[in-house]
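Colleague: I have a new model open on my screen and would like to learn how to read it. Could you walk me through a few features, starting with a pocket?

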Amino acid sequence: MLRTICIIALGALLAGCATSHQKTDNSLREKELPEKLVKAQQALDAGKNAKAIKIAKAWRKNNQDSPWGDHAWYIEGMGSLKKKNYYHALESFNELTDNYPSSTYFTESLEKMVDICDKFLAGRKRYLWGFIPTGAKTEALEMLDKVAERWPGSELAATALMKKADYYFKKERFLEAQAQYQLLIDNYAASSIYEPALFGNAEATFCMYNGPHYDARCLSEAIVRYEQYRARFPREAVARGVNERLAEIERLLLEKEREIADFYKKTNKLQAAELYYRRLAQNNGDASAGPTPDNTLTTTTAVP
């Protein structure tokens, strides 16, 4: 019994020591915060954003090797964000996450980078020398890549890459969009963006088709991707109109074959033309796709 009481007392003593040490560490950390950064933080908290940025920037330039550099960058980033100087805020959060991966501000800074990039991709301007408006879409796309590189496999990384893919799609840069969606499918199958990425991959592939005078292989690839999506997400496929899209692709493929058949007929390659006309008739389930009476082919060569 006495032994048990001693063990309990010793455990309580050790726990108390651990708690005391933790408080000491926190207290020391507060005391170690440089005076200039304390003033910068106070200015930021008071809404004096320009003053906070000025103090933090001056301190950072004179203390480049200080472990408190992340705090200085964070103050600059937050001050710039509040001033709506989004590009400087983006640069500040980028520096923080690049140089201080173990910072307590790391995750928050990456999230703010994604939000700012979203603004630039939507058309917000940056200002050169404070007064010349210019776009920052290229820089935003690069920053989204950096977010994904700095926190690979995370939901935030998936969100960042999805914003890139959707941007390319909206700009009708379908080849780049398809590649980006495929990257997400291959590496972020467990994330919330997997379903829209799988659908976007099929849509981007379909949109690469430029008409019957161009290569139609992308339509065949789109069929495979739509069917993969429908098998994985049957209810969502109905809501997104996948069945109707597949029917449209079949119609486009028939139209492509009709173009080929007509081309062979015009160039007097009658055997090849008749082969395509017969295949069109078979695909339609009747002879309606074949040449009309005015287009009847005349050849004595047997078609296998």
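Modeller: Happy to. In the lining of the largest pocket, H5 supplies the largest share, with 4 residues. Keep in mind as we go that this is a predicted model.

Colleague: Thanks! Which elements give two or more residues to that lining?

Modeller: Those are H5 and strand S1, which spans 126-128. The residues lining the largest pocket include Tyr-86, Tyr-87, His-88 and Glu-91, as well as Arg-126, Tyr-127 and Leu-128. Lys-84, Asn-85, Phe-120, Arg-124 and Lys-125 also belong to the lining.

Colleague: What is the volume of the largest pocket, and how does its lining divide by class?

Modeller: The volume is about 210 Å³. By class, the lining has 5 nonpolar, 5 charged and 2 polar residues.

Colleague: Lys-84 lines the pocket. What is its phi?

Modeller: Here the backbone is worth a look. Lys-84 is not a glycine, yet its phi is positive, at about 65°. Lys-84 sits in the loop that links helix H4 (69-82) to H5.

Colleague: Is Lys-84 buried or exposed?

Modeller: Exposed is the label for a residue over 50% relative accessibility. Lys-84 has 60%, so it counts as exposed.

Colleague: Where is Glu-172, and what is its phi?

Modeller: Glu-172 lies in the loop between H8 and helix H9 (174-187). Its phi is near 60°, again a positive value in a residue other than glycine. With 60% relative accessibility, Glu-172 counts as exposed.

Colleague: Now for helices. How should I read the sides of one?

Modeller: The general idea is that an α-helix has 3.6 residues a turn, so residues three or four places apart point the same way.

Colleague: Which residues of H7 are buried?

Modeller: They are Ala-140, Leu-141, Met-143, Leu-144, Val-147 and Ala-148. Because these residues cover an arc of only 160° around the axis, they fall on the same side of H7.

Colleague: And which residues are exposed on the other side of H7?

Modeller: Thr-138 and Glu-149 are exposed there.

Colleague: What do the buried residues of H7 pack against?

Modeller: Three helices: H5 (86-99), H6 (106-121) and H8 (155-170).

Methods: Residues are numbered from 1 along each chain as its sequence is written. This is a predicted model: local features need pLDDT of at least 70, side-chain atom pairs count only at pLDDT 80 or more; totals for chains, interfaces and linings use all residues. Side-chain values use heavy atoms; hydrogens and water are left out. Buried means under 20% relative accessible area, exposed over 50%, partly exposed in between (1.4 Å probe, protein chains only). The arc is that of the directions from the helix axis to the C-beta atoms. Contact means heavy atoms within 4.5 Å. On a 1 Å grid over the protein atoms alone, a cavity is a set of points where a 1.4 Å probe fits but cannot get out, and a pocket is an open set with protein on both sides within 12 Å along at least five of seven lines; lining residues have an atom within 4 Å of a point. Grid points are joined across faces, edges and corners, and a volume is the space filled by probe spheres set on the points. Ala, Val, Leu, Ile, Met, Phe, Trp, Tyr, Cys and Pro count as nonpolar, Asp, Glu, Lys and Arg as charged, and the others, Gly among them, as polar.
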